[in-house]
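Subject: Structure handover

Hello,

Here is the structure I promised to pass on. Please open it alongside this email and follow along.

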Amino acid sequence: MSALAKASGALKSVDYEVFGRVQVNGGLSLLSVVSVLALIVLSNYFPNQYTEQEAKKLGVVGWVKNTSQGTVTGQVQGPEEKVNEMKSWLSKVGSPSSRIDKTNFSNEKEISKLDFSGFNTRY
C-alpha cells in the first residue's frame, strides 16, 4: 500500500462526465475542451488548467479530456475524502464562467493502489 493510502485511509477511483456551458464573449456556448472534470472554459481559454489546478491542490491523480460531444470526461483517484471534494468541485464549481448542468459519476470503487502519478489533460 502506498504512503498516500496509509496516511489517508481507503483509496477511491471514479470516472466522470460533465455537461454544461461556458460564458464566452457575453453569449453561451457548449462546454468543450476542459478538464472535468468540467467546468471549464473553451479551449482557447485553457480550461483544462482549472481542473488540473484543483486536482493538484487536493492531491488527487487522474486525467481530464474534452469530448467531441462537447462534454468533459475523466477519472479521479486518491483518498476517499479528497476524491469526494473533487467530485463536489466538478459538480458545483468548475472553471470561471462555466455553468454546470449536470455531472455523471460512474465506476466508483475502492482501489488498492493509484494508477497514475499525477493529474493531466488528455487530447
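Predicted model: local features only at pLDDT ≥ 70, side-chain atom pairs only at ≥ 80, totals over all residues.

**The core**

The largest nonpolar core holds 15 residues. Tyr16, Val18, Val60, Val76, Met86, Leu90 and Phe119 have the most contacts inside it. Four elements each supply at least two of the core's residues: strand E1 (11-24), helix H2 (48-58), strand E4 (72-79) and helix H3 (80-92). H3 gives the largest share, with four residues. In soluble globular proteins, nonpolar side chains tend to be buried together.

Leave aside its neighbours within four places in sequence, and Val60 is in contact with Ala55, Val76, Gln77, Lys82, Val83, Met86 and Phe119. Of these, Val76, Met86 and Phe119 are again among the core residues with the most contacts.

Now turn to strand E3, residues 61-66. E3 is mostly covered, with five of its six residues buried. E4 is mostly covered too: seven of its eight residues are buried.

How do E3 and E4 pair? They are antiparallel, and six bridges link them. Val61 stands opposite Gln77 in E4. The two strands form a hairpin, with five residues between them. Gly70 sits in the turn and has a positive phi of about 85°.

E3 also has a partner in strand E6, residues 119-121. E3 and E6 run parallel, joined by three bridges. Here Trp63 stands opposite Asn120.

Thr71 is in the loop between E3 and E4. Is Thr71 buried or exposed? Its relative accessibility is 4%, so Thr71 counts as buried. Its side chain has polar contacts with two others. One joins Thr71 to the side chain of Glu17, at 2.6 Å. Another joins Thr71 to the side chain of Thr67, at 2.8 Å.

Gln75 lies in strand E4. Its relative accessibility is 15%, so Gln75 counts as buried. The Gln75 side chain makes a polar contact of 2.7 Å with the side chain of Asp15. Not counting residues up to four places away in sequence, Gln75 touches Ser13, Val14, Asp15, Tyr16, Val61, Gly62, Trp63, Phe116 and Phe119. That list includes Tyr16 and Phe119, which are also named among the core residues with the most contacts.

**One backbone angle to check by eye**

Most residues other than glycine have a negative phi, and most peptide bonds are trans. Asn107 is not a glycine, yet has a positive phi of about 55°. Where is Asn107 found? Asn107 is in strand E5, residues 98-111. Its relative accessibility is 53%, so Asn107 counts as exposed.

**In short**

E3 pairs with E4 in the antiparallel sense and runs parallel to E6. Thr71 is buried, as is Gln75, while Asn107 is exposed.

Best wishes

Technical notes: Residues numbered from 1 in each chain as written. Heavy atoms only, no water. Core = buried A, V, L, I, M, F, W, Y, C linked by side-chain atoms within 4.5 Å. Buried < 20%, exposed > 50% of the residue type's maximum accessible area, 1.4 Å probe, protein only. Contact = heavy atoms within 4.5 Å. Pairing = 2+ DSSP bridges. Polar contact = N/O pair within 3.5 Å; in protein donor to acceptor, adjacent residues only side chain to side chain.
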